[in-house]
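This briefing walks through a two-chain model, topic by topic. Keep the structure open while you read.

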Amino acid sequence: MRSSVMILAAGIAGIFASSGLLAADGWKPTRPIEVVVHTGPGGGSDTLARAVASMIEKEKLLPVRMQVVNKTGGNGSVAAAYLAEKKGEVHTIGFFTGVWLVNPLVAAEAKVTLHELTTVARLVLEPAVIAVKADSPFKTMKDFIDEAKKAPGTLKQSGGSITSRDNVVRQLLQKSTGAQWAYISFPGGGERISALLGGHVNMMVIEPQEAGEHIRAGSMRLLAQVASKRLPSFPNVPLLKEAGFDIPVVPQVRGVVAPPGIPKENLDYWENLFRKFVQTAAWKKYLEDNQFEDGYQNSADLLKFVDAYSVQMTGILKDAGVKVVR
Amino acid sequence: MDIISGLWNGFAVALVPINLWWCFVGVFLGTVVGIMPGLGPPATIAMLLPLTFQMAPASAMIMLSGIYYGAKYGGSTTSILLNVPGESASVVTCLDGYQMARKGRAGAALGIAAIASFIAGTVGVLGLMLVAPPLAKFALSFSSPEYFALMVLGLAMVVLLAGRSMLKALLAMLVGLWIATMGTDLFSSTSRFTFGNMEMLDGIDFVVVAIGIFALGEVFCNMETREAAQVLPVPKGLRNLLPTMQDMKDCRFAFINGSLVGFITGVLPGAGSTIASFISYGIEKAVSKRRELFGTGIIEGVAAPEGANNSETGGALVPLLTLGIPGSGTTAILLAALVLWGFKPGPLLIQEHPDLFWGLVASMYIGNVMLLVLNLPLVPVFAQLLRLPVHILYPLIFGISIVGVYTVSGSLFDLSMLMAFGLLGYLMRKLDYPAAPMVLGLVLGDAMERALRQSLMMSQGDLMILVGRPISAVMLGLALLVLLVPVFGRLNRLRLQAIESEE
C-alpha cells in the first residue's frame with residue numbers, strides 16, 4: 001500500500017515537472033529523482049538524504065522532487081549493486097558512506113566498489129571525540145596511552161565493528177605509540193555508551209553530538225578530538241595531534257554517487273547542483289547543528305580521495321588482522 | 001511528592017484536546033501498523049517524522065510513542081488468527097494463540113491479548129514513572145557476562161518448549177543457532193555461511209524466518225489435507241467471544257509475570273521485546289501446574305508474552321529518557337526525533353524538560369485506556385475472519401505473508417527465503433520437529449555469541465568472568481535449574497512408579 005502511494009505521488013510530481021520547467025541548455029531532470037540509501041528509514045544515510053532532499057526542495061534548486069528509496073541489506077552492498085545495475089540511468093543518485101568503501105575490501109560478496117560508480121560530490125566529514133567516564137583516572141590522552149603501554153591488553157575500548165572508524169583510530173594510535181588495549185565490538189551505539197558509563201570499558205570513540213549531553217551532565221569527559229580543527233563546542237579539548245599523537249585524521253565520509261556510465265551533461269548537472277547546495281545557509285546550519293565538518297569535494301577530487309582512502313584503509317585493516325579480499 | 005505534582009502537570013499537558021487527539025492518532029496508527037505483518041513501528045515512525053516538525057514537540061512525542069506501544073497491541077491479531085506474526089515480538093503468541101483460534105477460542109485469545117497488554121502496558125508506565133533513574137543505573141551495571149547469562153537462561157527454555165522429543169527440540173534449536181551465525185561477523189568482519197550471496201551479508205531477517213516457518217508452513221501443511229470447506233468454529237454471541245472469568249483467573253500470574261519480565265528486559269539496552277516475550281512464556285510454563293498443555297492453545301500462553309512485549313515499551317523508554325541511550329530500533333528513532341525537535345536527550349532531559357517527560361507518561365496512561373477501548377470491540381469483528389472458507393483463508397494468509405515481507409525490504413531475495421523457510425516449516429511439521437526451539441535459537445543465538453565473545457575479550461580469555469559476577473552467577477544457576485526440570489519430573493515419576501510397584 002505504501003509503495004503504491006509513493007508511486008502515485010511520484011507520478012503526480014512527474015506530471016508537474018514535465019509540464020513547464022524544461023528550458024535552458026544541457027540536461028535537465030524530467031522525472032522525480034530516485035535517491036538510493038543503504039539504511040532503513042531513520043538510519044544515518046536515510047536521515048541525511050531526507051534532510052538534503054527537503055533542503056534542496058525548499059531552496060528550489062531542482063525542478064523535480066527527490067524520492068528516497070531504501071535498498072537495505074548486505075552492509076550497503078545491495079544499494080551499491082542496485083546503482084551499478086542502473087548503468088547510464090540519469091534520474092538516480094545514491095548517498096554513500098565509508099561503509100561503501102570498506103565493505104568491498106573485506107567481503108568478497110560485495111562486488112561493487114565506489115570506483116565502479118560515478119562519484120558526484122563529497123558532502124560531510126564527521127569528526128569524533130575520545131571520551132572516558134567522568135571518574136576515570138585518565139586526565140589526558142597521554143595518561144591512557146601510558147597505562148596501555150604499562151599493562152598491555154588490559155584497558156578496553158567499546159566500539160562498533162572491527163572495520164569501523166573507532167577501531168581504525170585505535171589501530172593508528174597503537175601503531176604509532178606501541179601501546180595495546182582491547183577493542184570490544186557492540187552492534188548498537190546505545191550499548192557502546194552503556195558499556196562506558198557502566199565502567200565495563202575504559203574509553204570510546206564517540207560522535208560529538210552523542211557525547212555532548214553526557215559531558216554536560218558530568219558523566220563523561222573528553223581526552224582528545226579526532227578532527228582537523230577544534231570543534232566550536234569543545235574549544236578546550238586538544239586535537240590528537242595537539243595532544244602529541246600525530247596520526248592521520250581518519251574521516252567518516254558521506255557524499256553522493258551516481259550510476260556508472262552516465263552522460264557528461266548529467267554528471268555536470270549533479271556536480272553543479274551540489275556545488276550550489278553546499279553554499280546554502282540551510283546546509284551550513286545543518287552541518288553546525290549536527291557538528292559535522294564541511295567535507296565538500298567535487299567529482300574528480302572525490303575519485304582521488306576514494307582511491308587514496310582505499311589504499312590507506314587496506315593497510316590499516318591488514319594491521320588490524322582483518323582479511324582483505326581486494 | 002515530586003512524582004504526584006509531576007504527574008499532575010503531565011495530565012495537564014496530556015489532557016489538552018489537541019494532545020488527546022494526537023495520542024489517539026498515534027495509538028490508532030500503531031494498532032494498524034501492528035496488525036500489518038512486516039511493517040513495524042520503527043519504519044512507520046521514521047516515515048512520519050518529517051510531518052511532526054510543524055507540531056509541538058510534546059504532541060509529536062505523544063503521537064510517536066503512541067505508535068510504538070499501539071503496535072504492540074495490534075501485533076497479536078494476525079498471530080492468533082492466521083499464525084502470521086504481526087511483528088517479531090508476537091512470534092511466541094502464535095504458539096498458543098493460533099491453537100486457541102483453531103479450537104474456536106479466537107475471541108478469547110484476542111481479548112486476553114488486549115487485556116494483558118493493557119495491564120502490563122500500564123505497569124510499564126508506572127515503572128517508568130516511579131523507578132526510572134535508579135533502574136537506569138542498575139541497567140548500566142549489566143555488562144556482557146550478565147547478558148550472556150540472560151541469553152543462556154533464555155536458551156534453557158528450550159527444554160520447556162520441546163514437544164514429545166527432547167532430541168528433536170535440541171536439533172531444531174541448533175539449526176536456529178546456526179542460522180543466527182549467518183552474515184558478517186561483527187568482531188572480524190568475516191562472512192559466515194553467505195554462500196557467496198551479497199544479500200546474505202546482513203544475515204537472514206528474523207521476521208522472514210518466523211513468517212515462513214509459522215504461517216507458510218501451516219498453509220502448506222493444510223493444503224495437503226484437502227478437507228474441503230472446513231471452516232474453523234467461531235462461536236456466536238458477543239459473550240462467547242470474550243475471555244471468561246475463569247480465563248482471567250488462569251491468567252492472574254501471567255499478568256504479573258509479563259509485566260515484570262517485560263519491563264526489566266526493556267530497561268536493558270542489549271535485550272528487546274522479542275526476548276522478553278520468549279522469557280515470560282518460558283517462565284509461565286515453568287511454574288504452571290498444567291505445563292503439558294502449553295502449545296495446545298492455553299490462555300496464559302497468550303497473556304504472558306503479550307503482556308511482556310507491552311510493558312517492554314515502558315522499560316525501553318527508561319534508558320532513552322533518563323540517559324539518552326537507545327536500547328532498540330524504535331527508541332533509536334525516537335532519539336533522533338528528540339534531536340530534530342531541538343531537545344538534547346541525555347541525563348538532564350527530564351530535569352530540564354519536565355513537561356515533555358510527564359506529559360508523555362500521562363499520555364501513556366490515557367493511550368493504554370484508549371487502546372483497550374479501541375481493541376476490545378474489534379475482537380468480534382476480527383474473529384469473523386475465521387468464518388472465511390479455507391480456500392479463501394489460506395490464499396489470504398499467503399498473500400499477507402508475502403506483502404508483509406516485501407514491504408520491509410523490497411527484496412525478492414527475501415521472498416525466496418520466505419518460501420524456503422515455508423518449506424522447512426512444512427517439513428518440520430511433517431517430521432514432528434517443534435518450530436519454537438528453532439526460533440528461540442535464532443532470536444538468542446546472535447546476542448549470546450556476541451555477549452560470550454565480548455566477555456572473553458574483556459577478561460583476556462578467562463572463563464571465570466562468566467560465573468564470578470553475582471548477577472550472572474544467579475542467572476546461570478537459574479538456567480541450570482530450568483534444565484533440570486525434566487530430570488526432576490522423570491525422577492518423580494520413577495519414584496511414584498517405584499512406590500506403586502512396592503504396594
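**Helix H5 of chain B and its partners**

In H5(B), the residues B:Val92, B:Thr93, B:Leu95, B:Asp96, B:Gly97 and B:Met100 meet B:Gly301, B:Val302, B:Pro305 and B:Glu306 in H15(B). The model is a predicted one. The points below start with this helix pair, then turn to other parts of both chains.

*H5(B) with H15(B)*

- Helix H5 covers residues 91-102 of chain B, and helix H15 covers residues 300-323 of chain B.
- The two pack at an angle of about 145 degrees. Their axes are 8 Å apart.
- The crossing of H5(B) past H15(B) is left-handed.
- By class, the residues of this contact are 5 nonpolar, 3 polar and 2 charged.

*H5(B) with H6(B)*

- H5(B) also packs against helix H6, residues 106-140 of chain B. The axes of H5(B) and H6(B) come within 7 Å and cross at roughly 140 degrees.
- From H5(B), the contact uses B:Thr93, B:Gly97, B:Met100 and B:Ala101. From H6(B), it uses B:Ala106, B:Ala108, B:Ala109 and B:Ala113.
- The class count for H5(B) with H6(B) is 6 nonpolar, 2 polar and no charged residues.

**Another helix pair in chain B**

- Helix H2 (residues 17-35) and helix H4 (residues 57-82) of chain B pack with their axes 5 Å apart. The angle between H2(B) and H4(B) is about 30 degrees.
- Angles under 35 degrees count as roughly parallel, so H2(B) is roughly parallel to H4(B).
- H2(B) passes H4(B) in a right-handed crossing.
- The contact of H2(B) with H4(B) has 19 nonpolar, 13 polar and 1 charged residues.

**Where chain B touches chain A**

- How many residues does each chain bring to the contact? Chain A brings 44 residues, and chain B brings 44 residues.
- On the chain B side, four elements each supply at least two residues: helix H3 (41-48), helix H16 (329-340), helix H20 (390-409) and helix H22 (435-458).
- H3(B) gives the most to this side, with 4 residues.
- The side of chain B that touches chain A holds 22 nonpolar, 19 polar and 3 charged residues.

**Domains of chain A**

- The domain assignment gives chain A a domain 1 (33-125 + 251-319) and a domain 2 (128-226).
- The C-alpha centres of domain 1 and domain 2 of chain A lie 29 Å apart.
- Their contact takes 9 residues from domain 1 of chain A and 8 residues from domain 2 of chain A.
- On the domain 1 side, helix H4 (98-106) and helix H11 (299-319) of chain A are the elements that give two or more residues.
- That side of domain 1 divides into 4 nonpolar, 4 polar and 1 charged residues.

**The six-stranded sheet of chain A**

- This open sheet has 6 strands in the order E2-E1-E3-E10-E4-E11 (chain A). The pairing is mixed.
- Which strands of chain A stand at the edges? They are strand E2 (66-70) and strand E11 (293-297). Each has a single partner strand, so one side of each is left without a neighbour in the sheet.
- Neighbouring strands of this sheet are turned by 20 degrees against each other on average, direction ignored.
- Strand E3 (residues 92-97) and strand E10 (residues 252-258) of chain A pair in the antiparallel sense over 4 bridges.
- A:Phe95 stands opposite A:Val256 in E10(A).
- H11(A) packs on this sheet and touches strand E4 (118-126), E10 and E11 of chain A. The direction of H11(A) makes about 70 degrees with that of E4(A).

**The five-stranded sheet of chain A**

- This open sheet has 5 strands in the order E7-E6-E8-E5-E9 (chain A), again with mixed pairing.
- Strand E7 (182-185) and strand E9 (220-226) of chain A stand at its edges. Each has a single partner strand, so one side of each lacks a neighbour in the sheet.
- On average, neighbouring strands here are turned by 30 degrees against each other, direction ignored.
- Strand E5 (residues 128-133) of chain A pairs with E9(A) in the antiparallel sense, over 6 bridges.
- A:Val132 stands opposite A:Arg221 in E9(A).

Terms used: Residues are numbered from 1 along each chain as its sequence is written. Chains are lettered from A and ligands numbered from 1 in the order in which they are written. This is a predicted model: local features need pLDDT of at least 70, side-chain atom pairs count only at pLDDT 80 or more; totals for chains, interfaces and linings use all residues. Two residues are in contact if their C-beta atoms, placed from the backbone, lie within 7 Å. Ala, Val, Leu, Ile, Met, Phe, Trp, Tyr, Cys and Pro count as nonpolar, Asp, Glu, Lys and Arg as charged, and the others, Gly among them, as polar. Axes are lines fitted to C-alpha atoms, for helices over the stretch in contact, and angles run from 0 to 180 degrees between N-to-C directions. Angles under 35 degrees count as roughly parallel, over 145 as roughly antiparallel, 65 to 115 as roughly perpendicular and the rest as oblique. A crossing is left-handed if the near helix is turned anticlockwise from the far one by less than a right angle, and right-handed if clockwise. Domain bounds come from an automatic or database domain assignment. Two strands pair if DSSP finds at least two bridges between them.
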